[in-house]
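Grab a pencil and open the viewer.

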Amino acid sequence: MFSGNTSTAAMRDTATTTTAPGMDAQMAAHPVAAAVPRRPRIVIIGAGFGGLAAAHALRRAPVDVTVVDRRNYHLFQPLLYQVATAGLSPAQIASPIRGILRRQRNATVLMGKVTAIDKAAKTVIAGDQCVQYDYLIVATGARHAYFGHDEWEPYAPGLKKIEDATDIRRRILIAFEKAETETDPSERERLLTFVVIGGGPTGVEIAGAIAELAKTALARDFRNIDPRQARIVLVEAGPRILATFPESLSAAAERALVRLGAEVHEGTPVSDVGGDHVMVGAERIETRTVLWAAGVAASPAAKWLGAEKDRAGRVIVNADLTLPGHPEIFVIGDTAAMKDQSGQPVPGIAPAAKQAGAFAAAAILARLKGRDFPGPFRYRHIGNLATIGRRAAVVDFGWVRLRGNPAWWLWGLAHIFFLIGFRNRIAVTLDWFWSYLTFQRGSRLITGGGPED
């Protein structure tokens with residue numbers, strides 16, 4: 001589909017005309033077009049929320065869209081923690097990119113890992129493919145970051161992709177299995193202690209889900225241990241969890257976690273993570289299972305683009321989300337250091353990425369039509385949502401704030417609505433309804449390893 005070298009691709013874009021002897025005079029009298037105009041080429045790197053929003057906004061435009069992603073599926077990251085805690089299976093929160101775009105006739109999907117971007121040649125290098133563009137949208141998301149302590153990663157995995165979720169699920173379930181046969185009380189206590197680092201929405205949701213898993217779903221499945229005695233510790237370096245929420249909702253979330261049996265440690269950062277412990281300030285917590293939800297860093301896009309970046313690795317962009325000096329390149333979502341109208345950082349959430357993707361597409365279409373540029377990107381904050389186990393959540397829409405059971409139902413409806421595909425919406429709804437009635441979780445599978453791991 002794509003040439004393996006730039007020169008061949010360039011030849012494809014320049015029509016050549018061969019004339020027979022004696023035809024020159026006729027051609028002079030009847031000039032013909034030397035080349036057939038080609039459609040503008042728009043390359044989108046990343047099929048997350050922002051990339052797909054951009055592709056969808058271009059579906060009726062007279063352009064050729066190429067979506068490049070290292071994986072063949074779009075992942076609904078807000079529900080990834082449910083896979084990690086055995087609430088859902090991976091297939092319920094992921095959809096093949098080709099399936100999502102199959103009816104968009106101007107879109108082509110290329111599976112490949114981007115390694116470089118040649119801005120001068122307007123070429124994206126993905127494996128052995130060279131993909132040329134007229135406009136480029138970089139929407140490659142983020143990965144977890146350890147604030148300069150990458151040595152902690154083997155002991156405290158983060159949660160950004162399906163492989164992370166299934167690995168965490170395996171670690172959690174194996175901890176209970178090992179505790180069932182462990183005769184040393186101290187080691188058994190370590191196995192039944194789970195530490196979640198980071199008190200943002202992801203950390204709160206993971207801690208609540210583990211507590212619910214231990215206190216309800218696994219409560220009667222073992223003979224030698226009581227899973228309800230498991231210790232779940234949520235550690236937040238800041239003064240309170242859910243710092244982006246109003247204080248009243250943060251307090252409500254903390255009370256909900258405590259009701260589930262979790263401990264919340266605030267105001268003290270983690271100073272060390274090892275294979276059998278976590279140091280929270282001067283306190284040592286003995287544990288075999290540590291999960292990381294404390295920070296993220298952008299993808300290597302800044303390196304590919306040779307661009308200026310902030311401390312989190314996000315590309316510094318103009319107010320219109322373009323790369324300084326390159327109006328044909330847009331950087332959006334978690335990859336960019338986007339600012340709102342007041343100059344404050346735009347949060348790294350799905351609605352923000354979708355808005356940025358739609359904006360980039362609108363800006364490109366305006367240029368192609370010779371119209372005025374739509375102006376600086378204006379982020380519209382819809383609200384914040386976080387769930388704490390079964391029947392508890394907090395919702396902040398600014399004009400309305402909810403907590404408890406009503407917030408949980410609204411949280412569930414919002415997430416189901418944003419899922420890709422009718423089948424996934426039905427499957428997730430049925431699974432949640434079953435769990436709500438029975439307190440059971442249907443995806444408690446240990447995969448990718450064994451008890452010896």
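**Exercise 1. Find where Ile174 sits, and say whether Ile174 is buried or exposed.**

Solution. Start with the place: Ile174 belongs to helix α6. Helices here are DSSP runs of H or I with at least four residues, strands are E runs of at least two, and both are numbered from the N terminus. Next, the cover: Ile174 has a relative accessible area of 7%, so Ile174 is buried. The cut-offs are under 20% relative accessible area for buried, over 50% for exposed, and partly exposed in between, with a 1.4 Å probe and protein chains only. Last, look across the fold: Ile446 is 272 residues apart from Ile174 along the chain, yet their C-alpha atoms are separated by 7.3 Å.

Before you go on, a word on the ground rules: this is a predicted model, in which local features need pLDDT of at least 70 and side-chain atom pairs count only at pLDDT 80 or more, while totals for chains, interfaces and linings use all residues. Residues are numbered from 1 along each chain as its sequence is written, and side-chain values use heavy atoms, with hydrogens and water left out.

**Exercise 2. Stay in helix α6 and work out how Arg170 and Asp167 are related.**

Solution. First, the contact: Arg170 and Asp167 form a salt bridge, with 2.7 Å between the closest N and O atoms. That term asks for a side-chain nitrogen of Lys or Arg within 4 Å of a carboxyl oxygen of Asp or Glu. Second, the spacing: the two are three residues apart in helix α6, so about one helical turn separates them. Third, the cover: both Arg170 and Asp167 are buried.

**Exercise 3. How many salt bridges are there by this rule? Take two of them apart, then look for a network.**

Solution. The count comes to 15 salt bridges.

- Asp310 and Arg314 meet through their side chains at 2.8 Å, N to O. Asp310 counts as partly exposed because its relative accessibility is 21%, and Arg314 counts as partly exposed at 29%.
- Arg401 pairs with Asp396, and their closest N and O atoms are 3.6 Å apart. Arg401 is partly exposed at 49% relative accessibility, whereas Asp396 is buried at 10%.

Now for the network: salt bridges link Glu187, Arg190, Asp276, Arg284, Glu286 and Arg288.

**Exercise 4. Which residues gather in a patch of negative charge on the surface?**

Solution. Pick out Asp150, Glu151, Glu153 and Asp272. Patch members have over 30% relative accessible area and no salt bridge; like charges are joined within 9 Å, and nonpolar side chains (Val, Leu, Ile, Met, Phe, Trp, Tyr) within 5 Å. Asp and Glu count as negative, Lys and Arg as positive, and His and the chain ends are not counted. Each charge is placed at NZ of Lys, CZ of Arg, CG of Asp or CD of Glu. Areas come from the Shrake-Rupley method with a 1.4 Å probe, and for residues only the protein chains shown count as cover. Now zoom in on one member: Glu151 lies in the loop between β10 (142-144) and α6 (162-181). Glu151 has 47% relative accessibility, so Glu151 counts as partly exposed.

**Exercise 5. Which residues form one aromatic cluster?**

Solution. Searching the whole structure turns up nine aromatic pairs. Rings of Phe, Tyr and Trp (its six-membered ring) pair if their centres lie within 6.5 Å; planes under 30 degrees apart are stacked, over 60 edge-to-face, and the rest tilted. One cluster is made of Tyr146, Phe147, Trp152 and Trp292.

**Exercise 6. Compare the backbone at Ala86 and Lys122.**

Solution. Recall the background: most residues other than glycine have a negative phi. Ala86 has a positive phi, near 70 degrees, and sits in the loop between α4 (80-84) and β4 (94-96). Its relative accessible area is 1%, so Ala86 is buried. Lys122 also has a positive phi, near 50 degrees, in the loop between β6 (114-118) and β7 (123-126). With a relative accessible area of 32%, Lys122 is partly exposed.

**Exercise 7. Where does Leu234 lie, and how far is its C-alpha atom from that of Ala262?**

Solution. Leu234 is in strand β12 (residues 231-236), and is buried at 1% relative accessible area.
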